[in-house]
Amino acid sequence: MTWKEGFFRLAADREVTSEMFRVLFVILGSIEQGYSTSISQAEIGDLVGMATQNVNRAINRLAKKGIISKRYEGGKLVGYRVNEFFDGVS
């Protein structure tokens, strides 16, 4: 699957909410190298005017669908990785 196909499948997925899209767009826009970013949930919330609780819910749903992965170092959450071609999107 290509990025293009991944985006089309994501757009057609009725389980993906507008909150999830907003959070994903910020994560995509903040990628620093490769497919990863170290942006925090608070920073995402500030950028899109969303409560941190709602950002957390959107991130958990994106991770469950296989669109992103949480990155940990020493057991501490340090950021997010966009999974290439959104492997888990069904």
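Colleague: Are helix 2 and helix 4 roughly parallel or roughly perpendicular to each other?
Modeller: This is a predicted model. Helix 2 covers residues 18-29 and helix 4 covers residues 52-64, and they pack at an angle of about 85°. Angles from 65 to 115 degrees count as roughly perpendicular. Helix 2 and helix 4 are therefore roughly perpendicular.

Colleague: How far apart are the axes of helix 2 and helix 4?
Modeller: Two packed helices are described by an angle and a distance between their axes. For helix 2 and helix 4 the angle is about 85°, and the axes are apart by 9 Å.

Colleague: Which residues in helix 2 meet helix 4?
Modeller: On the helix 4 side, the contact takes in Asn54, Val55, Arg57, Ala58, Ile59, Arg61 and Leu62. The residues of this contact divide into 7 nonpolar, 1 polar and 3 charged. From helix 2 come Glu19, Met20, Val23 and Leu24.

Colleague: How many charged residues are in the contact of helix 3 with helix 4?
Modeller: Helix 3 and helix 4 pack at about 110°, with axes 9 Å apart. Gln41, Ala42, Ile44 and Gly45 in helix 3 meet Thr52, Val55, Asn56 and Ile59 in helix 4. These residues divide into 4 nonpolar and 4 polar, and the number of charged ones is none.

Colleague: Why are helix 3 and helix 4 called roughly perpendicular?
Modeller: The label covers angles of 65 to 115 degrees. Helix 3 and helix 4 are therefore roughly perpendicular, as they pack at an angle of about 110°.

Colleague: What is the bridge partner of Thr37 in strand 3?
Modeller: One links Ser36 with Arg81. For Thr37, the partner is Tyr80.

Colleague: Which residue takes a positive phi in the hairpin of strand 2 and strand 3?
Modeller: This hairpin has 2 residues between its strands. The positive phi, near 60°, belongs to Gly74.

Colleague: Which residues does Tyr72 touch, not counting those up to four places away in sequence?
Modeller: Tyr72 has its place in strand 2. From Met1, Tyr72 is 71 residues away in sequence and 27 Å away in space, C-alpha to C-alpha. The residues Tyr72 touches are Leu77 and Val78.

Colleague: What is the radius of gyration of the protein?
Modeller: The protein has 4 helices and 3 strands, and its elements run α-α-β-α-α-β-β from the N terminus on. The globule rule gives 12 Å for 90 residues, and the protein is close to that, so it is as compact as a globular protein of that length. Its radius of gyration is 12 Å.

Colleague: In which element is confidence highest?
Modeller: The mean pLDDT of the protein is 90, and 93% of its residues reach 70 or more. Confidence is lowest in helix 1 (residues 3-12), at a mean of 86. At 97, the highest is helix 3 (residues 41-48).

Methods. Residues are numbered from 1 along each chain as its sequence is written. This is a predicted model: local features need pLDDT of at least 70, side-chain atom pairs count only at pLDDT 80 or more; totals for chains, interfaces and linings use all residues. Side-chain values use heavy atoms; hydrogens and water are left out. Axes are lines fitted to C-alpha atoms, for helices over the stretch in contact, and angles run from 0 to 180 degrees between N-to-C directions. Angles under 35 degrees count as roughly parallel, over 145 as roughly antiparallel, 65 to 115 as roughly perpendicular and the rest as oblique. Contact means heavy atoms within 4.5 Å. Ala, Val, Leu, Ile, Met, Phe, Trp, Tyr, Cys and Pro count as nonpolar, Asp, Glu, Lys and Arg as charged, and the others, Gly among them, as polar. Two strands pair if DSSP finds at least two bridges between them. pLDDT is the predictor's confidence in each residue, from 0 to 100. The radius of gyration is taken over C-alpha atoms; the globule rule is 2.2 Å times the number of residues to the power 0.38.
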